[in-house]
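Me: I would like to go through this structure slowly, asking at each step what the words mean. Here it is.

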Amino acid sequence: MQLLMRLLLTCLLAFSVVACNQQAAILLDTPQTRTAAPDARAPATSQTSNLTPKPPKISTPSATVPPPTRVAPAQTLPAPVASFAADPNNSHAMYALLVTNALYRTLDSGQTWQKLPLPAPEESFEPPAIRPNSVFIIPQQDIQLSALAPRYLVVRAHWTLFRSANRGETWQTIQDHVAAWTTDENAGQWIYAWREGEVPREQTGLYRSSDGGDTWEQVYAGFFPPFLKSETSFPNHEGMTSLLLDRNGVNALYAGTDFGIYRSLNGGKTWQEFNTGLPPNDRAYRWTPLLVGGDLPAPFALTETSPDGLDSHAVLTRLQHGAVSPDQDAWHVLDQEMFVKFRRSNQLGFNGIHTFVRDPVVNTRLYLGTAQGLFISDDAGETWRASEPWNVGAVYRIGVAPGDETRLYLWTDHGLVVSVIPAIVSPTPYPNPYGQLQEIASPDGKWTAVLDTRVGSLELKNRAGKVFPIFPPGSIASDVNWSPDSRRLFVARNNYWLDPQLQPQSGASLQIWQVQIPVDTPTTPTLSFESSGEPPELAIFDGWSPNQRYLLFWVGPDASGGTDGLGLWVLDVQNNKVTRLAESALMNPKYQSWAPDSSALAFTAGGYRSAQVSKWLTIFNTTTNQVATVVTMTEQIPGIVTWSPRGNLIAYAAVRAEDTGDEWADWMSFENKAILARRVYLLDPKTGKHWRLNTVDAFQDAPTWSDDGSVLYYVQRKGDDMLLMAANPANGQAQIVPGTRMPAPHAVGYYGQSNWDSLLAHIPTAPRAPLPALTEIYREPNGRYSLRYPNGWRLGQGWQYLIYGCAMCRIVSADEITTSPPNYAPFSGKAYLAIETFYDANANLDALQRDALAEAGPGQILDRGGVLTAFDSRDVMIDGKPARRFETLGEFGEINHVLIVWNDARVLILRGQGDGRVFDAVAHTLQLE
């Protein structure tokens, strides 16, 4: 349910209603109650206001964690715990690695434990007479679980890395003689390991794997830090004792050594001393820094300071990124008053500090386990507080399992203790856990609306960078819409927000405000619309009339209900007159079309998500303010509608009422006879007369006029293919537009709501962006390949789309890299490219193509048969190597471009979404090792 809510919220923020509906179909396949009253319309309303906006009163939750609701000793483990790790996909599951190298798992919050068959040799343990549960040396984390691969587990024991693909039931040894290691925390595919000890000197060094440990390459050879490479014998204090991979990329690494901290920005090939900002140290060696990762505010290092070379105490620092370049990065010292009491004692590290852990969800929360108990920081280490009155004694190890309530697994003087605390509440005044910062430029490019849905604020920024606050945090600003002339900005303020448990909390009434920009300064916002409905409600903007006088928008209860339609309204921006057009209409922008002179709006009204039931065709007259049904649902069930540029005809797609019914509502494939019966119709808006475009007995959809209205384009099915047709509206005669044949997808949109933009983009007069120049060069860090890409495009790592993704793929995109790939048009001049490389000594192009069809590409959903559909396949040569170029088709017709290159045992797969011309241009610049 959380995934569904997150998906629907993201969809509403992105305005991609049809695409969202297609995605939600995979997660929520239970239709809601249908609404089908064709003549039920509310009277028109008119509302105006010049009120100064006041944000709703929203209480600010406290960031302070209250005492635990339960402190209960769990089953005793047979030896002290060396490392804890929580399962990111199960808040009740934990793994515990003991000092004996034995590995245990709990599935019930520590009440019972199961020993797993980790193949590391078990060692004996003699507990000390005093504090038999104590573990003094602060360790690195030696258990790693993957958030994206729930069954994946990597453990280091007895200086060896072991991997399991089934939650610890069976194991593989993937690396030995490992003194320090690190992985990417989301997918666990990138692993770095420092090898030393009983290995030949040439094998001492840093190794990297990009496939979860199947294959390794040495990226740094010899002694470490680099200045020790000149040593002829094994130097003292050599090597890495802690290692951290930056969560923001696979090439940034931090190494803890007895000489301080070192950093690499090229995947470990070269290193620079990175002690900037650390307090002075007059000892020959520092106490080895313990490195801990974090999203924000970046990595932490726990080390020491010894200004006089005699006395020393602990120091906690946080990486402070520079404003311009990594050269300006420095360590920022945190709460010296807290750490000065932890001093060096008997060569056992710092007396009293046993472990340091960050919260995996709340990036500003830290935990410190000490001889004096548990300490917690809520502000990224700036200040600390004791966890009294917990009274659990000394805390040696900490495991954090976030969920509906956060469970802290504490290894203490009393053995294992499980402390349960309430879920952590965000301290922001508008706690939207899935909000985002958006910058929406005005059509003329002179202004940028900065909408932060994380806190509900809005600012306007001009080209000079001057910022004009419009709504402060807590205002629940959720959506904006620029007028085509850039002189007006409309802002929706919802009347609810979601608490950390994703439950709606109500605030002020739902409102739409107008900000005018007459010259160079925005006016004070004025109220254009206020809903009288009950929360939770939201407003979603649609499109403008050609004369820029009328703005369409939907108002309704919530995102889930929106899939079955919301109330459709129109706002006259000249006089702030608001009219409700339909009690329910689907949030599909192709279901509404304005007359070219803005005198009327044709739209498909009716609720329920299916395109085959409960719809009727309606016309709104802007002069009389009247709404009239012109095609009732007892005649036809209409869908996509488009008004001719000449103003004399309306084209729409529909199925005859006699060819459909409730039993055909929810079937989304071409096997549905109601979908197969869809045809293109024409209607005279003056008389209301309507007729078939032609008598072709085949599925037809998505009518679209040429710019002059002389040609009507539409999509037609022929056999197992989809075609773009060009028809004469006078007689219905049609011809195939050359080069537009594609396979028919398995599913015809979301409950029959089709999206055929990939075919409609081939209309001869449709805009086609020029191909961008490929001026930039990207070289893969390991030298496996290089390619060229356009200036200004972004580089990133990994993509995710619903349950599909590739954490190991290198990403090249025309815009900001996000987890959900953008939906670029076929001739947009933009693309989203994902590059994957791996080894397969037994590969051939046929087998590789079969494997590629079993994995969804960016923005795709797998066909229900478990594989994608391939078309336009051809063999080519790339940099002298055999390759195969083809297209893939997903469940709802999402197209990817695919290139597979086989270079002996090395395989490169390039997938792309968007403009195929750009994809091919980039592909032909590939240079292989």
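Me: What makes a contact, and how many of the contacts in the protein with a separation of 6 or more come from residues 24 or more positions apart?

Reply: A contact means heavy atoms within 4.5 Å, and of the contacts with a separation of 6 or more, 50% are between residues 24 or more positions apart. This is a predicted model, in which local features need pLDDT of at least 70 and side-chain atom pairs pLDDT 80 or more, while totals for chains, interfaces and linings use all residues. Residues are numbered from 1 along each chain as its sequence is written, and side-chain values use heavy atoms, with hydrogens and water left out.

Me: What makes a residue part of the lining of the second largest cavity, and which lie nearest its centre?

Reply: A lining residue has an atom within 4 Å of a point; 15 residues line the second largest cavity, and Y591, G639, I640, R678 and D701 lie nearest its centre. Strand 48 (636–643) and strand 49 (650–656) are the elements that give two or more residues to this lining, and strand 48 gives the most, with four.

Methods:
1 Å grid on protein atoms, 1.4 Å probe; cavity = no way out; pocket = protein on both sides within 12 Å on 5 of 7 lines; lining within 4 Å.
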